[in-house]
Amino acid sequence: MAHEVTIAGSTISTPRLRLRPWHHDDAAGALDIYGSSEVSRWLAPAMGHVGDLDQMRTVITGWIAAPLRSEGRPSGRWVIEETESGRVAGSGQILPLPPEGEDLELGYQLAPWAWGRGFAAEAGHALAHYAFSNGEEEVFAVVRPKNERGTRAARRIGMEWVGETDKYYDLRLQVFRLRKGDLDNSALEPGPVER
């Protein structure tokens, strides 16, 4: 059941989540994510802490202006919405990794209220389905070495650790890779709350 993914245009659905494009009225939910120092500390320099709703609306305006599938690749940013409540649980991305943009990064950030429910792994898995159904053969996740939640989510998606590098963002990062053939070999069933 956890591997069920439906893709309809730019909307991706799983049993518990809906990933859809951002809208301006998502600013308050986005601020719960990017305004949290517990989340933003892992994102700099790619994304800094967002201080207020006006700043969050400006960021979302930029996301909306950037088209999905830029340069013919399945890239973009999505709201991760809990289906049952309709609440913004997180943000998901498929973006070219700097500096050359050859590798695609699978990214996911959750609001603290949504931690420990398996949403990051479920959303990451859904985004991988989107990337692979649109011609990609592999995706990567980069995680700061002390970000244990990020590491657990990457492993639950089925990603393999391939080493450390300072190639991306000029930071020392753990690199995880998922190849198309390994997509549904993960343990996505929600486990106990992880703290």
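Modeller: Asp170 is found in the loop that runs between E8 and E9, strands being DSSP runs of at least two residues, marked E and numbered from the N terminus. This is a predicted model, in which local features need pLDDT of at least 70, side-chain atom pairs count only at pLDDT 80 or more, and totals for chains, interfaces and linings use all residues. Residues are numbered from 1 along each chain as its sequence is written, and side-chain values use heavy atoms, with hydrogens and water left out.

Most residues other than glycine have a negative phi, and most peptide bonds are trans. Asp170, however, has a positive phi near 55°. Its relative accessible area is 72%, so Asp170 is exposed (over 50%; buried is under 20% and partly exposed lies in between, with a 1.4 Å probe and protein chains only). Tyr169 belongs to the loop between strand E8 (160-165) and strand E9 (173-179). The phi of Tyr169 is positive too, near 60°, and Tyr169 is partly exposed because its relative accessibility is 25%.

Another loop, between strand E5 (88-96) and strand E6 (104-110), holds Pro99. The peptide bond from Pro98 to Pro99 is cis, with omega near 10°.

Val139, in strand E7 (residues 138-143), is buried, because its relative accessibility is 0%. Among the residues that Val139 touches are Phe176, Arg177 and Leu178, where residues up to four places away in sequence are not counted and contact means heavy atoms within 4.5 Å. The C-alpha atoms of Val139 and Asp103 are separated by 6.9 Å, although these residues are 36 residues apart along the chain.

How values were computed
Helix = DSSP H or I, 4+ residues; strand = E, 2+ residues; numbered from the N terminus.
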